[in-house]
Amino acid sequence: MVLCPVIRKLLHKRVVLASASPRRQEILRQAGLRFEVVPSRFKEMLPKALFPSPPAYAVETAKQKALEVARRMHQKDLRAPDVVIGADTIVAVGGLILEKPVDKQDAYSMLSRLSGKEHSVFTGVAIVHCCSRDGRLDTDVSEFYEETRVRFSELSEDLLWEYIDSGEPMDKAGGYGIQALGGMLVEQVHGDFLNVVGFPLNRFCKKLAELYYPSGREDPRPAQSHQGRGGRDEDGGERTQAAGPEEAVSSRTGHSPPPFPTGLLELVDSFKASKALFTACKLKVFDLLKDGAPLKAVDVAGKLGASACGTGRLLDACVALGFLQKTDRGYSNTETANLHLTSDGAYSLRGLVLHHSDHPWDLSARPESAGRDGVDPHDGALGERTGPPCQASCAHSEETRLGLLRAMHSLAKLTARHVATAFDLSRFGSACDLGGCTGALAYVLAREYPRLRVTVFDLPEVLQHVAGFQPDGPRTEQVSFLPGDFFEDSLPEADLYVVSRILRDWPDGKVHELLSRVARACKPGGGLLLVDVAAGPEAEAEAEGLRRRAGGERSAAVYAHLLRRLGFADVRAAGAGGRPLALLGTRGAP
Ligand SMILES: O=c1[nH]cc([C@@H]2O[C@H](COP(=O)(O)OP(=O)(O)OP(=O)(O)O)[C@@H](O)[C@H]2O)c(=O)[nH]1
């Protein structure tokens, strides 16, 4: 079947994943689904002998997991989510069903049973559409399963025990994790790999497509049957009620709707997601949940002096965004939140988030830029506009400038080591970081290259604040600060010029002017390190479109082309965390 973009169909629904499996959460999150996680309390103890086949068992377990969550959530708030997804993964070998091992000995007997043989991995999935009406919960279950066949090599006793002692088998069906160490055991996989990991994403999308893009206009929904009448869908799955996707209604009334405004709705949705993050940071939710025991929504509300209901919604939104986790004991921070969203985390980005929240337009513009010589960094980035009215006032206030410095400092600190090590810069003896602000990158460059002397060149009104941002530990003599304007003054002499995170909001003309000045100042054999490029070909295209609309990064290809035109040769790109990060060009002979 032809796949359609289906995940977006769930973006505007409240979706709950009834699973504690981190793998399922990751697979679905990476597919772009937004959801809350409410692990099911359903005990996986259905009598296996009653099922005609192993997948029938997996499907029923998945369904019971999802229904348990739907009912519990409905009972709690008299409001069920729109969709609950449940899944169950099992291994079937020689008529036996293997689930998660209960102890090491159990893991040993499972793995030795699988050694040198082929087995099947089945994941049953239930998609439960819920509707609370007059205090009653109506559910509509669609279900399916996927099979993947996996062949193991012959496993030596030593390998078996070494693997078991790694601890990996314990929370995995069949006692192995194909995505990690367990991959060593596997000789052949026939079918969907993600199905083995715990969630058959491809089949899930096809199922959603069946539900949300019904084929014929006359009878838009796939043939369905109802619970109690023993109906089965084409996968052998039981359906309790017809699914209710919106297209079905419009087809029945004969009304043909306009094209679905996906981009617009996604924009609204991402605004809501950002808003939840901004609000939680402002209210210091992550500070509150740091280190301590998990807290219930009412307790968080009490400490914040906010309403329990609103706080609960905010916390659930943070769970869906991956910043909080929710268990029976309450809410607690995820690793990401501890590291980046608390006020005093070593890599805190809270300042950046707060600045984004208060000054969405001047975030990346340099603090001094607005109003200077009538140059507006957003010119071009936002068409003919001469600058947002908010900019003059917010960019001039001292408090705003400090907030912006804090934001830029935290971001530079977070990425500095990646930037400093993206290329081998040991051939350079001196560097000049243009607009290097608080010196966050300069200090890391100095630490990585003990021979390198780094000058931070920035406006006097910026440099007057840098004392408050000096790094911990011994001050390095390698770093010095020089006041100046890189558009007006001669650039300090250096073997390497660094242009990091300052170009994104400038119009093309200003970018060209600055890089031309760098090219003129750079000696043959000298370098230009340019940081802040958009990721990947798709992201590049998107970045170009987005940048034209609202400012932002340019693609690596655009910058590389410009650097070559300006006389830089051997322009190379390097990335970090799977996305492009920086370009290094070497100045050729003029
Ligand atoms: O190769 C791999 N095979 C299986 C897994 C993981 O194994 C578990 C299967 O257990 P189950 O389906 O019962 O799910 P739980 O983890 O108990 O979570 P629920 O709350 O949904 O019941 C599953 O986590 C797979 O991801 C694996 O990681 N690799």
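Me: In this predicted model, what makes R587 count as lying over the face of F568?

Reply: R587 is 5.8 Å from the ring centre of F568, and a charge sits over a ring if, besides being within 35 degrees of the ring normal, it is within 6 Å of the ring centre, so R587 is said to lie over the face of F568. K510 lies likewise over the face of F487, at 4.3 Å from the ring centre.

Me: How many aromatic pairs are there, and why is the pair of F51 and Y57 called edge-to-face?

Reply: The count comes to eight aromatic pairs. In the pair of F51 and Y57 the ring centres are 5.7 Å apart and the planes stand at 80 degrees; because centres within 6.5 Å make a pair and planes over 60 degrees apart count as edge-to-face, F51 and Y57 are an edge-to-face pair.

Me: What makes F122 and Y145 an edge-to-face pair, and where in the chain do they lie?

Reply: Their ring centres are 6.0 Å apart and their planes are at 75 degrees, so the pair is edge-to-face, given that over 60 degrees is the cut-off. The pair links distant parts of the chain, with F122 in strand 5 and Y145 in strand 6, 23 residues apart. F122 is buried at 7% relative accessibility, while Y145, at 31%, is partly exposed.

Definitions and conventions
Residues are numbered from 1 along each chain as its sequence is written. This is a predicted model: local features need pLDDT of at least 70, side-chain atom pairs count only at pLDDT 80 or more; totals for chains, interfaces and linings use all residues. Side-chain values use heavy atoms; hydrogens and water are left out. Rings of Phe, Tyr and Trp (its six-membered ring) pair if their centres lie within 6.5 Å; planes under 30 degrees apart count as stacked, over 60 as edge-to-face and the rest as tilted. Helices (H or I, at least four residues) and strands (E, at least two) are DSSP runs, numbered from the N terminus. Buried means under 20% relative accessible area, exposed over 50%, partly exposed in between (1.4 Å probe, protein chains only).
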